[in-house]
Amino acid sequence: MSTEPHYTLYHPRWYRRRVSVWWWLQNRSYTAFVLRELTSVFVAFFALVYLWQLRALVHGPEAYAQFLARLKTPRVLALDTVAFLFVLFHAITWFNLTPKAMVVRLRGKRAPDWVIVGLNYAAWLVLSGVVAFVLLRGR
Amino acid sequence: MMRRITPLLWLMFSAGGTVAALLFPVHFFLTGLAFPLGWLEPPSYESLHRLLMHPVTRLYLFVLISLPLFHWAHRFRYTLYDGLQLKHLTELIAVLCYGAAVLGTAMTAYLLWTIP
């Protein structure tokens, strides 16, 4: 916006307060909102890590060993720790939002929120156990 | 065209978000933290390669990588043009975000197809 607004007769004057780029730090729920939106970046990051691992597995044992060695470097470890926390934040906020996005009716009655959230966490627990079992079985 | 595929994009956003919420924490914890920090021994190349021979594993990996990329594309697109007020760049942002997700999906499919 120009500093010297040019007003014409009969034209409404816009009143717009300047909003700082850091508006979301002024309120805890705004901060949580922006952090939640940013989780998608870390979700994509991990998808790429898995793509990278798949590529290493296709290329052979040396490439896989190199992949494992790269994961141990301090910079990658630090990045992975931060990204893991964001992915965890995504999972928790996603589960807690499901009853608001999806209304389940049982015998004409709306299923209570805690049932749907609880089922999500139960599925999370079971699937995590299965994945860990399959991956750790063949060591 | 954008209007026609918007419902599909929302569907992929929520499917990808669910896949990422249910499965990423355990995969990430193991691969990103537990194995490199030495808390657990990583699976050997042979055992992972044997797993990859199974078509169910390949389908699983395809879904695990592709859908969350579309989840990112959709959510990040809105983060950019609402959060940073880049409404005038709508089309460019959409092309870049979904394009990246399509590229990642194509690479995944290609790799899964060419496993020796």
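1. In chain B, helix H2 (residues 45-52) has Tyr45(B), Ser47(B), Leu48(B), His49(B) and Leu52(B) as its buried residues. Buried means under 20% relative accessible area, exposed over 50%, and partly exposed in between (1.4 Å probe, protein chains only). Helices are DSSP runs of H or I with at least four residues, numbered from the N terminus. These buried residues pack against H1, H2 and helix H4 (113-137) of chain A, together with H3 and H4 of chain B; contact means heavy atoms within 4.5 Å.

2. This is a predicted model: local features need pLDDT of at least 70, side-chain atom pairs count only at pLDDT 80 or more, and totals for chains, interfaces and linings use all residues. Residues are numbered from 1 along each chain as its sequence is written, chains are lettered from A in the order written, and side-chain values use heavy atoms, without hydrogens and water.

3. Over all chains there are 19 aromatic pairs. Rings of Phe, Tyr and Trp (its six-membered ring) pair if their centres lie within 6.5 Å; planes under 30 degrees apart are stacked, over 60 edge-to-face, the rest tilted. Trp52(A) and Phe67(A) are edge-to-face, because their ring centres are 4.9 Å apart and their planes at 85°. The pair joins helix H1 (residues 28-59) of chain A to helix H2 (residues 61-71) of chain A, with the two residues 15 apart. Trp52(A) is partly exposed at 29% relative accessibility, whereas Phe67(A) is buried at 1%.

4. Ring pairs also link Phe45(A), Phe46(A), Tyr50(A), Phe84(A), Phe24(B), Phe28(B), Phe29(B) and Trp39(B) into a cluster.
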